[in-house]
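Please open the model in your viewer and keep the sequence panel beside it. The stops below are meant to be selected one after another, each with a short note on what is found there.

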Amino acid sequence: TSHTSDGTVAWPADLAAEFRRKGYWEDRTLGSYIHETADRLPEKIALVDGDVRITYSELASRMDAAAERLLQLGLKADDRMMVQLPNGWQFTVLTLACFRAGIVPVMALPAHRKYELSFLTDLSESRAIAVPDVIKDFDHQALAEELAASVPSLDMVLVSGAANPLNARLEEILAPGADPAGARTRLDASAPSPDAPALFLLSGGTTGLPKLITRTHNDYAYNIKATSVPTNVTEDTVYLGTLPASHNFPLACPGILGILFAGGRVVMLPGPEPRKAFAAIEREGVTLSAAVPAVAQRWIEHQEETGGNQLASLEVIQVGGSRLPDEIARKVKPVLGSTLQQVFGMAEGLINVTRLDDPEDVICTTQGRPVSEADEVRIVDEAGNDLPDGVPGSILTRGPYTPRGYYRAPEANARAFTPDGWYASGDIVERRPDGNLIVQGRDKDMINRGGEKISAEEIESLVYRIEDVTMAAAIAMPDEVLGEKLCLYITVKPGAEVTLEQIQTLLHETGVAAFKIPEHLVVVDELPATKVGKINKKELRADIAERLASAS
Ligand code: J2J
């Protein structure tokens with residue numbers, strides 16, 4: 001089957017023409033930028049992962065050789081591949097190889113388990129899945145084999161590390177090639193269309209099931225280039241990637257891809273644990289990194305405790321994914337010695353950042369402004385009327401890197417996109433007269449657990465599988481470290497008893513990612529209702545905040 005345009009929503013033709021005329025869309029594929037850098041800086045180190053150091057010419061050679069090997073295995077342009085790999089050189093080389101071959105990676109998270117992976121594999125009709133062998137006692141390879149046995153489209157398991165005999169070993173696929181020039185010519189000749197899907201990102205999720213966001217070569221290349229400007233990415237940039245690389249933020253804002261486009265160096269680390277991260281920063285002379293607020297806070301605390309000089313090279317730290325409290329923002333410069341860049345972004349497109357030379361008040365109390373002059377932003381009331389600056393409302397956005405719809409999701413599209421293509425992220429935002437945005441809250445039914453998004457509806461529908469549960473409401477409860485955690489309110493059948501442990505066990509056994517499992521349960525006789533008869537979650541959020549306050 002061919003599914004290039006099936007299920008995706010294209011930009012209107014006149015706008016696409018304008019994006020080209022203005023140079024936002026360059027009609028190039030993502031892989032071509034890597035070749036351009038490799039031609040310019042062949043001997044420079046591009047990618048570091050522990051003791052592995054890969055130069056640009058080697059990166060280009062591995063990328064092309066891997067692309068050809070994937071095609072030889074029987075994959076073809078427009079096939080989809082589930083990618084669930086930890087931060088390491090393999091993730092980066094495989095992603096680039098997919099771009100070159102026109103194979104579309106589906107950016108799963110390392111935390112995903114059977115429940116998410118089977119759904120996403122099915123929705124994307126993936127033919128292949130790339131996984132590590134075992135991480136922290138979890139056998140990813142066994143799960144991938146189980147998926148291959150149950151999802152009809154899936155017939156190829158690629159494994160990083162110790163691959164079973166019937167699976168392909170990723171490290172062999174990703175090895176340098178014998179004929180780089182030939183491979184390059186052949187792949188150039190069969191390059192995907194720049195308007196074709198380059199990758200699928202996962203939506204943070206406002207409704208029941210996760211959604212796929214199609215990003216084209218044209219729009220994603222522009223996302224990468226536009227975010228590289230305000231972060232001042234150059235050949236001298238050394239980037240530390242510790243957030244899961246399949247997230248849009250560390251991947252492309254400017255992230256791994258932005259640094260490779262510019263000829264800088266990317267250092268990959270499997271996690272943000274401060275001792276390891278600080279050591280990597282010192283060893284590699286890291287100048288730029290990205291963190292969610294909870295990680296930034298850990299780094300600040302670690303620096304306050306140890307007082308070392310390991311961060312001397314770290315010029316800029318980007319923080320985003322959830323709201324950074326102003327008090328923590330104010331500590332970044334004095335404690336870490338780095339300039340803070342707040343990032344309010346979304347995998348659906350629009351990226352806002354504070355500029356490095358903004359006044360302190362902007363850097364510490366706002367989430368910045370759009371990276372591109374072509375980003376359109378409106379702040380509207382419930383009736384869709386534009387609001388004046390200073391009045392919080394729902395944010396709507398359009399632009400050359402904000403797609404017009406989710407993949408194969410007409411119902412979600414009808415809710416999240418206006419007929420003229422504005423995306424409603426569900427965030428409540430105030431625009432200051434200077435153009436900077438402040439995220440004040442949200443009107444979407446989502447829990448933001450330290451930057452990882454949890455759809456309330458998705459969890460509730462799972463909890464309803466317990467027969468004794470009559471009503472369920474998943475809500476955010478305040479948490480000092482993560483900002484928010486998932487709390488569940490339920491009512492149960494008369495005389496029945498349902499425990500938190502029972503719910504946790506059910507979700508765990510269903511194969512739900514650990515970060516989505518409720519951490520607190522409140523059983524009540526009745527859930528409060530709004531005037532229109534929906535569960536009043538605002539009241540529940542106030543209730544849990546009060547319960548926590550009086551308990552401490
Ligand atoms: C408050 N809420 C924020 C912020 C995102 C860069 C940075 C983040 C993401 C991301 C991203 C926030 N303050 N600074 O893709 O490229 C919440 C909003 C938003 C949702 C998007 C990037 N930064 N958020 O977090 O697709 O609610 O992208 O709509 O995962 O995160 O989530 P996601």
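Begin by selecting strand 5, residues 128-132, in this predicted model; the strand is mostly covered, with 5 of its 5 residues buried. If you display the side chains, Ala128, Ala130 and Pro132 point one way, while Ile129 and Val131 point the other way, and all are buried. In a regular strand the side chains alternate between the two faces of the sheet.

Next, colour the chain by domain: domain 1 covers 29-193, domain 2 covers 218-444 and domain 3 covers 446-551. The C-alpha centres of domain 1 and domain 2 lie 26 Å apart, and across their boundary 24 residues of domain 1 are in contact with 19 residues of domain 2. To find the domain 1 side of this contact, select helix 2 (30-40), strand 1 (45-49) and helix 4 (89-101), each of which supplies at least two residues to it. By class, that side has 17 nonpolar, 4 polar and 3 charged residues.

Select the open sheet of 9 strands, whose order is 2-1-13-12-14-15-16-17-18 and whose pairing is mixed. Which strands stand at the edges? They are strand 2 (52-55) and strand 18 (369-370), and because each has a single partner strand, one side of each is left without a neighbour in the sheet.

Strand 1 and strand 2 run antiparallel and are joined by 4 bridges, with Asp49 standing opposite Val52 in strand 2. Their hairpin has 2 residues between the strands, and Gly50 there takes a positive phi near 60°. Strand 1 is also joined to strand 13 (residues 265-268), in this case by 2 bridges and with the strands running parallel; the bridge partner of Val48 in strand 13 is Val267. Further along the sheet order, select strand 15 (residues 316-320) together with strand 16, which pair in the parallel sense over 5 bridges, and note that Ile317 has Leu340 of strand 16 as its bridge partner.

Now show the ligand with its shell of 23 residues, of which Asn248, Phe249, Gly320, Gly345 and Ala347 come nearest. Helix 10 (248-252), strand 16 (339-346), strand 21 (423-431) and strand 22 (437-442) each supply at least two residues of this shell, and strand 16 gives the most, with 5 residues. Sorted by class, the shell around the ligand divides into 8 nonpolar, 11 polar and 4 charged residues. With the domain colours still on, you can follow how the shell draws at least three residues from each of domain 2 and domain 3.

From the shell, pick Gly345, which lies in strand 16. Is Gly345 buried or exposed? Gly345 counts as buried because it has 24 C-beta neighbours inside 10 Å. Leaving aside residues up to four places away in sequence, Gly345 touches Asn248, Phe249, Cys253, Gly320, Leu350, Ile351 and Asn352.

Thr231 is buried, with 25 other C-beta atoms within 10 Å, and beyond four places in sequence it touches Pro254, Leu288, Val316, Gln318 and Gln341. Draw a line from Thr231 to Thr530, 299 residues apart along the chain, and the C-alpha separation is 44 Å.

For the last stop, select residues 458-534, which an unreviewed UniProt entry annotates as "domain: AMP-binding enzyme C-terminal". Over these residues the chain is 22% helix and 32% strand, and the end C-alpha atoms are 17 Å apart.

Definitions and conventions. Residues are numbered from 1 along each chain as its sequence is written. This is a predicted model: local features need pLDDT of at least 70, side-chain atom pairs count only at pLDDT 80 or more; totals for chains, interfaces and linings use all residues. A residue is near a molecule or strand if its C-beta atom, placed from the backbone, lies within 6 Å of it. Ala, Val, Leu, Ile, Met, Phe, Trp, Tyr, Cys and Pro count as nonpolar, Asp, Glu, Lys and Arg as charged, and the others, Gly among them, as polar. Domain bounds come from an automatic or database domain assignment. UniProt positions are given in the numbering used here, feature names are shortened, and annotations may be inferred rather than shown by experiment. Two residues are in contact if their C-beta atoms, placed from the backbone, lie within 7 Å. A residue is buried if 20 or more other C-beta atoms lie within 10 Å of its own, exposed if 12 or fewer, and partly exposed in between; C-beta atoms are placed from the backbone. Two strands pair if DSSP finds at least two bridges between them.
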